[in-house]
Amino acid sequence: MQLISGRLKLAGLVILTAALTACTEKLDSSAGCPILCPGRGGEIETVTIDAVTLDSTVSALTGQGTEASLLVATRGDSLDARAILRFDSIPGRYRRPGADTISIPVTTADSVILRMRVDTVGGKIPSSITLDIYDVDSNAPDSAINEIAALFTPGRLITSATFAKAALKDTILVTLPSAAILSRLDRRLRIGIRARGPQSVQLRILSQEGAGIPTVLSYRVSADTTVARVSLTPESRTPVDQPALALSLADYTLLVRGTATGPATGLNIGGLPARRVYMRFDIPSFLIDSVDVVRASLLLTQISNPGIDQTDTVRIAPFVSLATTAVVDVAKAAQITALASRDTLRVTPGSSGERRLEIASILSLWRATNVAETPRAIVLISAQEGNSPLEARFHSAEAAPELRPRLRISYSTRKSSGLP
Amino acid sequence: MRRIHIVAALALAAMPLQLFAQGTLSTQGFGYPTGELSSRARATGGALGQFDPDSPLNPAAIGTSVDPRMYLQYEPELRRLSANGETSNAVIARFSLASLSVPFASRGSVGVSAATFLDRSAETSFSRQQSIDRQDVTVTETTRTLGAINDVRVAVGYAASQKVQLGFGGHVFVGQNRMFFTQSFPDQPAFTPISQVSTLGFTGFAASAGVLLRPSSILGFALTARQGFGIDAKAGDSTVSQADIPDRYSAAISYGGIPGTSISAQVSRDNWSSLNGLGSADAIAVDGWEGGLGIEALGPRIAARQTVLRLGGRYRALPFLAGGSEVDELSLGGGLGAQFFRNRATFDLSVERASRSPELSTVDASERAYIFSFGLRVRP
């Protein structure tokens, strides 16, 4: 009897363990497929439609000074871009460390160093480059490009610094003369930077918007090493009544000469000043509301751009336009966007032919929006918008049928009723 | 209202419906029939089911209850499916049965029960090649189906005499099947995965009647019939399909001539084909027989408690064709029962090994399952 009791306890333990294990469902029965799983996912249909009802190249309107990096380029007749750094308050007095509260007038400025962070990716760097630093302080508004560009004169040259190509790694230091500070005490110092070299030069300097504190102007005001160096970051105090704009204007790109753009009848993306493309669609409602879209490709026909850097790569990302019908100006509607697709179209400006951009995720978003309130539109934007002269050009909806933008949509015909 | 129905019907007809099986032998169609057996009856191959007040099969069986009683059952299944040289292991957790009965007058009881009628829980995932926009793409499809059709019964049992018990039951078949379907593609972001969820709700009706005859103290007979009425499958407010609850006829015999032992046998016929039309044309139900034989005997006393041991076997045809073939199930099992708390609570457990195989050898698939059943009966 004891033997039976022991076996029963063991059996009970096994059963209890099995029961506890079975508390978590695991329903996989995939081994039965396809024999026991006939007729599953349904067919995938594909349609190609001329769905673009409106397309237009518009200005990026990115706002002066909002760029993540400052383009400095000297490329002959093709491109001339310079950087402006503002230090709108050069302190005229300093204090010694400790309890002494008496401020002392600044009379010396030693070891004046302008530290900047550079990005040479996608740039044009010859064997060496020279950065010419100018005093460009004036009362001209920042939007007065020509007036400010005219300040880059030999008489206003503060200093020049030459760097070998290998030295242009992340951070560069430019030594400024003491006079550049001492002549601006209790006033403002506005620096203009222009690059030159044995060949075309193009690089980027990180801006306040693109990095933490990329640019610092520092100097010593005393031989006493207990007195800390004065460190200044770019700062604009004008316009006084627009603090957000003033923040952006602490540093900005001065585009003296932009790149040539494509024909007005085409779709031009990128370039300087930056351009983007707004496209509005009329898609049969069943493709939005009634079927599951597996793939949606925007087919574009590229036009070769004979301009600069034909073989460099420009990346184009599709954004969904969030502008409602209240925004009637497409240039403004093209600024109200959200990233909604992970796909990026990579093209070289000089190439041509059919290109394909995946926008299925944008169609999914449109399912949740009312077309009467929010037009179905996308905006094609260069990933390097405002920082690169590269411009990709495409045929618009006004082109011949085989060249104009089209939408190719693959969708599932499957409709589950839940019936076995 | 009529116009709405017409529009709904046209819309459904216009939709290219894609239909699904569940990837196993046992859960084809609307799912696996649990048998609506208590742990005690399951351990005897279902042979005691017609006599067992906890199994909602024969409404006459509850007439023997002299006390209020409540019963709960948990029934996990460990299933192993082999097909095409591959194997899938699944664990299905079911709370398959709950019942309550209270006596009235001195010879009758009224009871209500809820039991899993057809359990459709299953999941499959497999990959195939699909041509999309003139490009061959690997598509991975995953289908997960959850839910069941449940049998809710209200029954009255009455002992007309010591030799005759009668019972009548009204059944409402309710439940829900939720299907989650996804299609995914390896090439992201070019392709966007598809996700579809569909829900079916069921409402059906049936009536049953049964009798227990005890011509002598050692012999008992049971006869039961269930008449099925309509069942609707609805998606939201729209009726998707209609059919009838299957009729069921069964008979059982119990012999207690050996002291401390009861030997039982049962046979039943389920007209599953009346469910045809509730699903698609691919979900074909066929009528089938079921037979079971079992023995229940006093076991050893363990910890001063009298135990009951049970053994049994059952053979039946499952309702839905798999790959065009009928599927048969042979179950062999046993179990144990013991009382606690001054015999006011009874705990039953059973273990059943079920083998399921298609009748056609062209369907290369087989299933083995261990079904554990735990039943707790309380007499407050």
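Visitor: What distance separates the centres of domain 1 of chain A and domain 2 of chain A, taken over C-alpha atoms?

Guide: 38 Å separate the two centres. This is a predicted model, in which local features need pLDDT of at least 70, side-chain atom pairs count only at pLDDT 80 or more, and totals for chains, interfaces and linings use all residues. Residues are numbered from 1 along each chain as its sequence is written, and chains are lettered from A and ligands numbered from 1 in the order in which they are written.

Visitor: Which residues belong to domain 1 and domain 2 of chain A?

Guide: Domain bounds come from an automatic or database domain assignment. For chain A, domain 1 is 47-61 + 260-412 and domain 2 is 69-248. Eight residues from domain 1 and eight residues from domain 2 make the contact between them; two residues are in contact if their C-beta atoms, placed from the backbone, lie within 7 Å. On the domain 1 side there are three nonpolar, four polar and one charged residues. Here Ala, Val, Leu, Ile, Met, Phe, Trp, Tyr, Cys and Pro count as nonpolar, Asp, Glu, Lys and Arg as charged, and the others, Gly among them, as polar.

Visitor: How many residues of strand β12 of chain A are buried?

Guide: A residue is buried if 20 or more other C-beta atoms lie within 10 Å of its own, exposed if 12 or fewer, and partly exposed in between, with C-beta atoms placed from the backbone. Strands (E, at least two residues) and helices (H or I, at least four) are DSSP runs, numbered from the N terminus. In β12(A), residues 201-206, six of the six are buried, so the strand is largely enclosed by the rest of the structure. Val201(A), Leu203(A) and Ile205(A) point one way, while Gln202(A), Arg204(A) and Leu206(A) point the other way.

Visitor: Which strands join β12(A) by bridges?

Guide: Two strands pair if DSSP finds at least two bridges between them. Strand β3(A), residues 69-75, runs antiparallel to β12(A) with six bridges; Ala73(A) has Gln202(A) as its bridge partner. Strand β7(A), residues 110-124, is also antiparallel to β12(A), with three bridges, and Val118(A) is partnered with Ile205(A).

Visitor: Which residues of helix α7 of chain A are buried?

Guide: In α7(A), residues 360-367, they are Ala360(A), Ile362(A), Leu363(A) and Trp366(A). Down the helix axis they fall within an arc of 155° (taken from the directions from the axis to the C-beta atoms), so they line one face of the helix. Their cover includes α5 (285-289) and β18 (292-303) of chain A.
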